[in-house]
Amino acid sequence: MKSAVIKTGGKQYLVREGDTLRVEKLAEVKVGDKVNFDQVLMTIEDDKINLGKPLVEKAVVSAVVQEQDRARKITIVKFKPKTRERNKRGHRQPYTAITIEKIN
């Protein structure tokens, strides 16, 4: 089975064909669009490992966009004792859900 390590959004992901994962939001893509990741750091096919220095030459991972959404809300609370200072905020991180189609 083919798998690869790709870099997108400042993070690295180990992916296989057919995997669905959430990555940092990809701008200007819509649901159903095809996306190619050319920053492939490593490919694995059966027992053969191809390690890039830093990237693997001519390696491309193709994916399809499943959804564009925002993650669940997290609450950030800051409190300073003795001064009665309180600060409460919420944050929802945008993401893009993709399904890996092909590793070349």
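Reader: Which side chain meets that of K11 in a salt bridge?

Author: Before the pairs themselves, please keep in mind that this is a predicted model, in which local features need pLDDT of at least 70 and side-chain atom pairs count only at pLDDT 80 or more, while totals for chains, interfaces and linings use all residues. Residues are numbered from 1 along each chain as its sequence is written, and side-chain values use heavy atoms, with hydrogens and water left out.

The side chain of K11 meets that of E24 in a salt bridge, with 2.6 Å from N to O; the term stands for a side-chain nitrogen of Lys or Arg within 4 Å of a carboxyl oxygen of Asp or Glu. Because K11 belongs to strand β2 (residues 11-16) and E24 to strand β3 (residues 20-24), the pair ties together parts that are 13 residues apart in sequence; a strand here is a DSSP run of E with at least two residues, numbered from the N terminus. K11 is partly exposed, with a relative accessible area of 37%, and E24 is also partly exposed, at 25%, where buried means under 20% relative accessible area, exposed over 50%, and partly exposed in between (1.4 Å probe, protein chains only).

By this rule the count comes to 3 salt bridges, and another of them joins E101 to K34, the closest N and O atoms being 3.7 Å apart. Since E101 lies in strand β10 and K34 in strand β4 (residues 34-37), this pair ties together parts that are 67 residues apart in sequence. E101 is partly exposed at 40% relative accessibility, whereas K34, at 63%, counts as exposed. Strand β10 itself covers residues 94-103. Leaving aside neighbours within four places in sequence, E101 is in contact (heavy atoms within 4.5 Å) with several residues, including E17 and S62. E101 and V61 are 40 residues apart in sequence, yet their C-alpha atoms are 7.7 Å apart in space.

The side chains of E85 and K80 meet in a salt bridge as well, at 3.9 Å from N to O. Both partners are partly exposed, E85 at 43% relative accessibility and K80 with a relative accessible area of 47%.

Note on methods: Helix = DSSP H or I, 4+ residues; strand = E, 2+ residues; numbered from the N terminus.
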